[in-house]
Amino acid sequence: MSEPSGIARTAVREALGMPGLVLFASYLGFGSLARETGFGLGAGLVSTATGWALPGQMALVELWSIGASLLAVGLAVALTNTRLLPMVVTLLPLLRTGAAGRRAPRWCLYALAHVIAVTTWANAMRRLPDLPPESRLAWFTAYGATLFMVTMAGTAGGFFLAGVVPEPVTLGLVFLNPIYFLMLFAVDLKQRARVLALAFGLVMGPLLHPVAPTYGLLVTGLTAGTLAFVLDFYWSRRGR
């Protein structure tokens, strides 16, 4: 199991389970939506290959369909995908442990950073700490590459199935991924910091959104997460 090939096979099996099914269904929705808004198959596949994050791709398709300028589309996609930066910063150090991670060339790490999105990040942060450092790079490479191919297949499948599936179902498929992400966190609710962050967010979100609808979500996430971290750290130091 500790051999790279064995670890890679394990990662592929795990990726083709629930994460792969949810992402495939989500990208079926995206592919269908892309075709219905006039996006070509090639453009949809390039969007998935280069963007690889549904919120940014949804912004791209919707803004393009209403004739927004290239600058506006680029800014919207960039701002939407900025949320992925903290994920890369927190995950890459786990991949660079062990001799294999330290020997990995920069281009390899850049390529792996490209496939760090919500699903890969959430599952990797749960899985990697339990793996030997020497196995982490092989696991994540296989896991990320498998999910990448799944999303490409989902985009193409959704494009050709456009019109077959009712539009409300198509839109529903797109939002499967955030729901799956919430379920992943629900599994880890034994951790006090995450319970606190969710509790603060549940209270602050509805209060801040009417006051600042543009920045309410951002302020809620930053404040709730910071408060949860500080309180958890303080209580841990006091031995509670």
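Guide: First, a term: a residue is buried under 20% relative accessible area, exposed over 50% and partly exposed in between, with a 1.4 Å probe and protein chains only. This is a predicted model, so local features need pLDDT of at least 70 and side-chain atom pairs count only at pLDDT 80 or more, while totals for chains, interfaces and linings use all residues. Residues are numbered from 1 along each chain as its sequence is written, and side-chain values use heavy atoms, with hydrogens and water left out.

Visitor: Which residues of α8 are exposed, on the face turned away from its buried side?

Guide: Those are R106, W107 and Y110. Helices here are DSSP runs (H or I, at least four residues), numbered from the N terminus, and α8 covers residues 106-114. Its buried residues are C108, L109, L112 and A113.

Visitor: What do the buried residues of α8 pack against?

Guide: They pack against α6 (84-95) and α10 (133-161); contact means heavy atoms within 4.5 Å.

Visitor: Why is the pair R127 and E14 called a salt bridge?

Guide: The term needs a side-chain nitrogen of Lys or Arg within 4 Å of a carboxyl oxygen of Asp or Glu. Here N to O is 2.9 Å, so the pair qualifies. R127 lies in α9 and E14 in α1, so the bridge ties together parts 113 residues apart in sequence. W139 touches both R127 and E14, among others.

Visitor: How many salt bridges does a search of the whole structure find?

Guide: It finds 2. D232 also forms one with R192, the closest N and O atoms being 2.9 Å apart. D232 lies in α14 and R192 in α13, so that pair ties together parts 40 residues apart in sequence.

Visitor: And what makes L202 exposed?

Guide: L202 has a relative accessible area of 66%, and exposed means over 50%, so the label holds. L202 lies in helix α13.

Technical notes. Helices (H or I, at least four residues) and strands (E, at least two) are DSSP runs, numbered from the N terminus. Lists of a residue's contacts leave out its neighbours within four places in sequence.
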